[in-house]
Amino acid sequence: MSRLIICIALLAMPAAARPPEAALKLQKEATVLLKKRLYVDAGRTFERTFAAYPARGALYNAGIAYKRGRDHVAAVRVFRQFLEVSAADGKVDKKVKEVKKQLERLRKELARTHVQVRLTLQPATATFSVDDRPRTPKEAEELWLTPGSHSVTATAPAHIDREITLDLQLGVPITPTLALTPAPKFGALAVRSVPGGASVFRDNKAIGHTPLHLKLSPGEYSLEARLEGHVSQRRTVAVAADEVATLNFQMAPAPVAEVAPDVEAGTPVYKSWWLWTIVGAVVAGGVTAAVLATQEPDPVNAPESDFGTWTVP
């Protein structure tokens, strides 16, 4: 059987061009794997042979190898690719008819253990993965998955990634649609200040220091620049999609507050004239009070008491 498969591959290769050495080497490796009855590994090697030299015979061999290895999901995938390549080449021969019959039998067998999923991707150029395993866009047309839950993630340029979960039941084929939402367009804003290093605020929340580059949705934005020793400034700027807007802040120095001059600034307190003036006044008052307190009362002008008049002894 292995000889038959290899001969088919060789005959399918174009006669006008000799296969590159890499393809011939891979084909020999696949032959060795077939002899060892490592059919799934042989199928993978035949697929690599096709990638190195796109002759449809390598796909046919891969499908037969996968089928013999009981990997019917992979067999269906490469047989479908074989039919696509044959149609592109305008070939309708016995091998095409044979592969179509092979596909019918394989699908019946798979329906006993797997669920058929025909996934529609929007946009059609999206790539997807099933349970974190990358798949080709062509595979979306016919997936065979085991019953249960499966995670499907799709991505496409300029679109938001999306993930869905498929809950599959045996005997219930499904045709889900995985549509991606176009990603919002953005614009850029370059914020500068003179001098640089100013703090930039949006809605009283610090978002960085100048020079600052921002990725923003289209619209108007009010930004404030603050720099120590300078007057804060608030400006409004419009940002358009796929364009770069600029916002320049010319930071003016803050005015210096006027302070009454201190005539004796820097003079120690004990050397200030006003301090000693006060001290002198206090001392003089104290001396006067002391002199008055030590003088005898005048007997003539002495006040009367409750016991009569003071007299000179």
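1. Contact here means heavy atoms within 4.5 Å. On that basis, 51% of the contacts in the protein chain with a separation of 6 or more are between residues 24 or more positions apart.

2. On provenance: this is a predicted model, in which local features need pLDDT of at least 70 and side-chain atom pairs count only at pLDDT 80 or more, while totals for chains, interfaces and linings use all residues. Residues are numbered from 1 along each chain as its sequence is written, and side-chain values use heavy atoms, with hydrogens and water left out.

3. The protein chain has seven helices and 15 strands. These are DSSP runs numbered from the N terminus: helices are H or I with at least four residues, strands E with at least two. Of the 313 residues, 34% count as buried; buried means under 20% relative accessible area, exposed over 50%, and partly exposed in between (1.4 Å probe, protein chains only). The accessible surface of the chain is about 20,200 Å², with 58% of it belonging to carbon and sulfur atoms. Accessible areas come from the Shrake-Rupley method with a 1.4 Å probe, and for residues only the protein chains shown count as cover.

4. Alanine 30 belongs to helix 2 (residues 21-35) and is buried, at a relative accessible area of 0%. Its contacts, not counting residues up to four places away in sequence, are Ala42, Thr45 and Phe46. For alanine 30 and threonine 45, the C-alpha to C-alpha distance is 5.5 Å, at 15 residues apart in sequence.

5. Leucine 223, in strand 13 (residues 219-226), counts as buried at 2% relative accessibility. Beyond its neighbours within four places in sequence, leucine 223 has contacts that include Leu189, Val191, Val200, Phe201, Ile207, Leu247 and Phe249. Arg202, Gln233, Arg234 and Arg235 are also among them. Aspartate 203 is 20 residues from leucine 223 in sequence and 7.7 Å from it in space, C-alpha to C-alpha.

6. Serine 199 is in strand 10 (residues 199-202). Is serine 199 buried or exposed? Serine 199 is buried, because its relative accessible area is 19%. Its side chain makes a polar contact of 3.2 Å with the side chain of histidine 209. A polar contact is a pair of N or O atoms within 3.5 Å; within protein, one must be able to donate a hydrogen and the other to accept it, and residues adjacent in sequence count only if both atoms are side-chain atoms. Neighbours within four places aside, serine 199 is in contact with Gly208, His209, Glu224, Ala225 and Arg226.

7. Some backbone geometry deserves a look. Most residues other than glycine have a negative phi, and most peptide bonds are trans. Glutamine 122 and proline 123 are joined by a cis peptide bond with omega about 0°; proline 123 is in the loop between strand 2 (120-122) and strand 3 (127-130). The bond from valine 194 to proline 195 is also cis, with omega near -5°, and proline 195 is in the loop between strand 9 (187-194) and strand 10.

8. Arginine 37 is not a glycine, yet its phi is positive, near 65°. Arginine 37 lies in the loop between helix 2 and helix 3 (39-52) and is exposed, with a relative accessible area of 65%. Asparagine 204 likewise has a positive phi, of about 65°. Asparagine 204 sits in the loop between strand 10 and strand 11 (205-209) and is exposed at 57% relative accessibility.

9. The largest pocket holds about 360 Å³ of space. Of the 21 residues that line it, Val73, Ala74, Arg133, Arg135 and Glu139 are the closest to its centre. A pocket is an open set of points, on a 1 Å grid over the protein atoms alone, where a 1.4 Å probe fits, with protein on both sides within 12 Å along at least five of seven lines; lining residues have an atom within 4 Å of a point. Grid points are joined across faces, edges and corners, and a volume is the space filled by probe spheres set on the points.

10. Helix 5 (72-88), strand 4 (133-135) and strand 5 (143-145) each give at least two residues to the lining of the largest pocket. Helix 5 supplies the largest share, five residues. By class, this lining has eight nonpolar, three polar and ten charged residues. Ala, Val, Leu, Ile, Met, Phe, Trp, Tyr, Cys and Pro count as nonpolar, Asp, Glu, Lys and Arg as charged, and the others, Gly among them, as polar.

11. The second largest pocket has about 160 Å³ of space. Its lining consists of Arg77, Arg80, Gln81, Glu84, Thr136, Lys138 and Glu139, with no nonpolar, two polar and five charged residues.
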